[in-house]
Amino acid sequence: MPRMIFLNLPVTDLERATAFYEAIGAVRNPQFSDDTASCMVFSETIYAMLTTHDKFRQFTPKPIADAKLSNQALFCLSADSRNEVDEIVGKAEGAGGVADPGPKDEYSFMYGRSFEDPDGHMWGVNWMDMAAFAAQSDMTNA
């Protein structure tokens, strides 16, 4: 069984956050969702648990950081193409997020952009051409 990742993100407005993540392609799993949390499924191995602040406080005694003012983590999703990178960031912006709060990654073998969700959590979206990466790596090591 492949390892799975569950990100737990505190959100100020669960309904708004759920709609935002649905807009960028995640699917809400009602089996693990209620009025305090939404389990958002990106793939068979990637899940984001959106939780109200009260629910999040049940898991840690530490204060909840304001993700709009500070940053402790950056999350990144892979994309199948450059166009999909642009589509996801465009959907994020259309759903109330901020497009490209960080610099774009533009290389011959990789393309990436980023967005912030309405609570300020930063996400990257990257596409990588593995064949071009391998060729460039081979040239560098020659």
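Guide: This is a predicted model, in which local features need pLDDT of at least 70 and side-chain atom pairs count only at pLDDT 80 or more, while totals for chains, interfaces and linings use all residues. Residues are numbered from 1 along each chain as its sequence is written, and side-chain values use heavy atoms, without hydrogens and water.

Visitor: How much space lies in the second largest pocket?

Guide: On a 1 Å grid over the protein atoms alone, a pocket is an open set of points where a 1.4 Å probe fits, with protein on both sides within 12 Å along at least five of seven lines. Grid points are joined across faces, edges and corners, and the volume is the space filled by probe spheres set on the points. For the second largest pocket this space is about 280 Å³.

Visitor: Which residues lie closest to the centre of the second largest pocket?

Guide: Lining residues have an atom within 4 Å of a point. The second largest pocket has 14 of them, and the closest to its centre are F42, L77, S78, E84 and I88.

Visitor: Which element supplies the largest share of the lining of the second largest pocket?

Guide: Helices (H or I, at least four residues) and strands (E, at least two) are DSSP runs, numbered from the N terminus. β5 (75–78) and α3 (82–94) each supply at least two residues of this lining. The largest share, four residues, comes from α3.

Visitor: How much space lies in the largest pocket?

Guide: The largest share of its lining, five residues, comes from strand β1 (residues 5–11). The space in the largest pocket is about 440 Å³.

Visitor: What is the strand order of the open sheet of four strands?

Guide: Two strands pair if DSSP finds at least two bridges between them. Strand β3 (residues 37–41) and strand β4 (residues 46–52) pair in the antiparallel sense over five bridges, and A37 stands opposite T51 in β4. The sheet as a whole has mixed pairing, and its order is β1-β4-β3-β2.

Visitor: Why is one side of β1 and of β2 left without a neighbour in the sheet?

Guide: In the order β1-β4-β3-β2, β1 and β2 (27–29) stand at the edges. One side of each is left without a neighbour because each has a single partner strand.

Visitor: Which strands does helix α1 touch?

Guide: Helix α1 (residues 14–23) packs on the sheet, contact meaning heavy atoms within 4.5 Å. The strands that α1 touches are β1, β2, β3 and β4.

Definitions and conventions
Axes are lines fitted to C-alpha atoms, for helices over the stretch in contact, and angles run from 0 to 180 degrees between N-to-C directions.
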